[in-house]
Amino acid sequence: MTQPIIQLSGLDKFYGNFQALSQVDLDIKTGEFFSLLGPSGCGKTTLLRSIAGFETPSAGSLYIDGQSMDGVPANKRPTNMVFQSYAIFPHMSVAENVAYGLKARKLPKAEIKTRVTDAIAMVGLQGFGERASHGLSGGQRQRVALARALVLKPRVLLLDEPLSALDKKLREQMQSELRQLQRAVGITFVLVTHDQEEALTMSDRIAVMFDGTIAQVATPQDLYGQPCSRRVANFIGMMNFLDAKILSTSGETVDVDVQSFGKLTLPLGQATGGLEGCDAVGVRPEMLTILTGSQTAEREIEAVVSEVFYYGDMTYYDVRLPFKEESVTITMRNTAGRSILGVGEKARVGWSASSLLLLK
Amino acid sequence: MLRKGHIFKWYIGIFLVFLYAPAILLPVFAFNDSSIVSFPLKGFTTKWFAVLQTNETLHVAVGNSLMIAVTTALFSTLFGVLAARASTRFVFPARRSIMGFIMLPMVLPEIIIGVSLLVVIIQMGFELSLWSIILGHILICTPFCIAILSSAFMNLDQSLEEASFDLGQTRWNTFWLVIIPLVMPGIVASLLIAFTISLDEFIIAFFLAGTEPTLPVYIWGQLRFPAKLPSLMALGTILLVLSISLLLVADYFRRRGIRKTGIENTGGFL
Amino acid sequence: MTWFQKWRRGEGAQGLFLISPTLAFTLLLLAVPLVMVIVLSFWTQDYLTLHRTFSLENYRTAWTEPMYQYLMARSLKISMLVTAMTVLLAYPVAYFISFRVSPKRKAMWIFLITIPFWTSYLMRIFLWKVILGYNGVVNGSLMGLGVIEQPLSFILYNQNAVVLTLAHAWVPFAILPIFVALERVDRSLIEAAEDLGDTKWRRFLRVTLPLSMPGVIAATIIVFIPTIGDYVTPRLVGGPNGLMIANMIELQFKKANDAPLGAALAISAMIIVTCVALIFIWLNKKYIREAK
C-alpha cells in the first residue's frame, strides 16, 4: 500500500474551554471504507468536519493525498460530504442538485449532462432527474446526496451519520448498497456513526472515539475480538467482566487471580491493551456455554440462572457465579432439541481460558 | 362544557365586530350619497371616488408617499437582510445588545423618533424634505423587516450552505445561488410590509414634512373640513383594498417559501 | 497566522461586518438624535434664541408645574388603562386561536386579526369618532332599539373614547405575542395536569397562564410604551379633557416653539414609562418565582 490518503497528527480542537479533539493521530488508507465510531459528543463529527474543512483545528496537521490542508478552504479540498440532513437544495430538481458541483467547476455543458445522468443511474434513481427535490423520500434524498458528491469524483467521501434518519429496514438496505457502491467506485469513504452494528458490518477499519480521543483503530474482527479496554469492549457488543488481579508475569505468560474462575495462567497476547492497569477479565457472552447432559468443556463452573430472555433464535441467560455479585450474561443458540432452563435452576457453565481477555 | 364553548364563541364574535367596525364603515360611507358622514345612509354613489381623480394636491401627496414608500422598502429590506443574516448565522460579540438596539424603534413611541430626528435635522442646519421622512421611515420599518427576514433565514438549514461550499462553490456564489433564492419569499414579504407601513405612517411624517406633504399628512389636513370627509372615506377605502391586496401577495410569497423549503406551515404573518 | 488574521476569519468578525451597515444607520439616526434631544433638554430657549448653557430649568418646569404633572399623570393612567384593556381583550382571543382553532386555520385567523390594522391609521381613529359621536352608530342603534331616548354624550370627547380607540389600535399587537407564547406551551404539560387531577380552571391558572406569561409581558411592553407617545387619538376623540403628554410635546416643538421644554417633557415621559415597565416586569418575575 502506498501512502495514506488522509494523515492526521496531533490534532486538537477547542471550543472556548471545551476540548472537542485531543491529540488525534490517524492514517486512513486509500480506497478503504473507514468508520469513526463513538457515542454522541465524542468528537467524531468534529473530526469529520475538520477533514472537510468546516472546522479549523486549533493545533496539529492534516494531510490529504500528501498535501497539507492548512488554510485550504472546504471548496478547494478533494473531499465531498454527505450531510446528516442530506442538505438537498430544495429549490432545485434532482438533476440540478447533482450538477451543482460540476457547474461550480465550469465544465462544458455536454460533459455535465452525461456525468449527471451516469451519477443518477449509479445510485438507482433513473428517471428522477427532473423531479423536484422537496417531494423525495428519505432514502431518495440520500441517494441524491450520494450522487451529488460522487459525481465530482472526490478523493475522499465523507459521510456524517447518513443513515440515522432512515427507518430500520431501509437503513439495513442502504448499508449494503453503500458498501457495494464504495467497492464499485473505489473511493475512500469515511463514515461517522454512533451505531456499532453499522460500523461493524460496513467498514474495513473502525476508529473508536471517546471524549475527543481515539481509543482504538482496528478491523471489525479485531475490534470485537481484541478490544483494548473495558470501555471499547462494552461499546462494541456485550462483554462480561470479572475482577482480576495480576499475580506475576514471566516471559510470555501472566498469572492472574480471577473472581469466580480462580488462578490462571494466560498468554501475554490476551492482554490486548497491554498489561499496565489491567484489573478485569472480559469474556463475550457467546464464549460461555451452558452445558447439558453429558456435554463437557475445557473448564466448568456451577451457576444459578437468575433471568431468562427468549429471543426466538437465541436465548440470553443471566446467571449467578459463585463469589460474584452481578450476574453474567450467556447467549445460547436455540438449536433443535435444546431445552430452555428456567429461573432458579442450576446450570453448568463451560468456559475456556483462551476466550478471556485481560483488560484495563 | 358546551355552554362554556358558546360563551367563548360569543366573545370572539363580539370581538371581531369591535375589531372590524371601522374597516366595515369605511366603504359604507365611501359609497353613501350624502355629504355628511353619519347615519342614516342616503343612497349609493361613486361620486366621491370621482372627486379624487381631479384633486391635484392629492395626486402630489400620493406621488410623494409612493416615492417615500418604495425607497423605504428597498433600504429597510437591505438593512434587514444584513442584520437578519448576521444575527441568525453568526455568533459575534454583544449580539443580543446590538440586535436589541436595532429593534428598539419597534417599541419606541413614534413621537420620540420624530422629535429626535427633527432636532438633529434642525441643529445640523439641514432643510426638512422628503428625505428626512425616508430616513425616519427606514428606521421604524427595519425592525419589522428583520422580524420577517429572521424567520426566513432561521428556516434555512445551515448544512445547505456548507453543502454548496463543499461542492466547490465560493461563498459569494453560495449566497446568490442558494441563500437568496431560498429567502426570496421573505424578502418579497419584507418589501411589501415596509412599503405598507411607510405608506400609512403619519406621526413621523407630520414632524418631518417640510413643504411637501405625504398622503397621511394631506389626509390630516383635510379631516378638519367636513365637506371633504366623504371623499376621504373613498380614499381610505382605496388604501384599505390596496393594503390588503399587498398583504395577501406578501402572505402568498411567504407560503410559497414554506412549501419550497418543505417546512410545515405553523405560524401566521409577522 | 497572527491572532488578528484568525479573528478576521472568525465568525465574530464576519457577523459584525455584516451587521455594521444596519448598526451604523441605527446609531446615526437613533442614538445620535436621542443624545441630541437629551442635550437639548438641558438648554433653554426664549422665543427664537437658544441658550446653550447647561440648565435644569426645563426639568424643573416639567416636574413641578401642575399642568405638566397633571398631564403626565393622566397620560400614564390612560396608557395603563389601554394596556390592561388591550391585554384582557387579547388573551381570550389568542387562547381561542391557539387552543380551539385547528392548526391549518391558525394562520388564517392571525391574518384575520391583523387586517383591520392595515386600515389607514388616521381614518381608523376618525371612524371611531363617527361610531361614538352624538349622531353616531352607537347612539343611533341604541335609540333605534329604544334603549335610550337621548344620545349618550359620555362616550366621545373624553378619556373613555381615547382608551377605547387606542385599545382597538393596539389589540393585534397584543394578540400576536400572547398567541406565540401559548403556541409554545407543551400540550402534554396540560394533559399531565389533567392527569394529576386538576380541574379546567386550576389547570389554566397553574399551567397555561404562568407558561404564557412571557407573551403577556411582551404584549404589555409593546402596547404600554408606544401608547404614551400617541397624540393623534387624543386630538381626534379625546376632547379637552382627553389630551395627553404627547400633545403637549408636539405643541412645544411646533406652535409654542420651545423645543428644549418639549425635549425635557419627552425624556421625562420616556423615563417614567420605562420605570413603570421595568417595575411591572420585576413584579411579574417575582410572582412567577413565588408561584413555583
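Helices here are DSSP runs of H or I with at least four residues and strands are runs of E with at least two, both numbered from the N terminus. By that count, chain C has 13 helices and two strands.

This is a predicted model, where local features need pLDDT of at least 70, side-chain atom pairs count only at pLDDT 80 or more, and totals for chains, interfaces and linings use all residues. Residues are numbered from 1 along each chain as its sequence is written.

Let's stay with chain C for a moment. Its C-alpha atoms fill a box of roughly 85 × 70 × 35 Å along the principal axes. Of its 292 residues, 53% are buried (under 20% relative accessible area, 1.4 Å probe, protein chains only).

| Item | Value |
|---|---|
| Chain B residues in contact with chain A | 20 residues |
| Chain A residues in contact with chain B | 24 residues |
| Salt bridges between chain B and chain A | one salt bridge |

A salt bridge puts a side-chain nitrogen of Lys or Arg within 4 Å of a carboxyl oxygen of Asp or Glu. Here B:Glu162 pairs up with A:Arg49, with the closest N and O atoms 2.6 Å apart. On the chain B side, helices H7 (158-166), H8 (171-200) and H11 (229-261) each supply at least two residues that touch chain A. H7(B) gives the largest share, seven residues.

Technical notes
Chains are lettered from A and ligands numbered from 1 in the order in which they are written. Side-chain values use heavy atoms; hydrogens and water are left out. Contact means heavy atoms within 4.5 Å. Buried means under 20% relative accessible area, exposed over 50%, partly exposed in between (1.4 Å probe, protein chains only).
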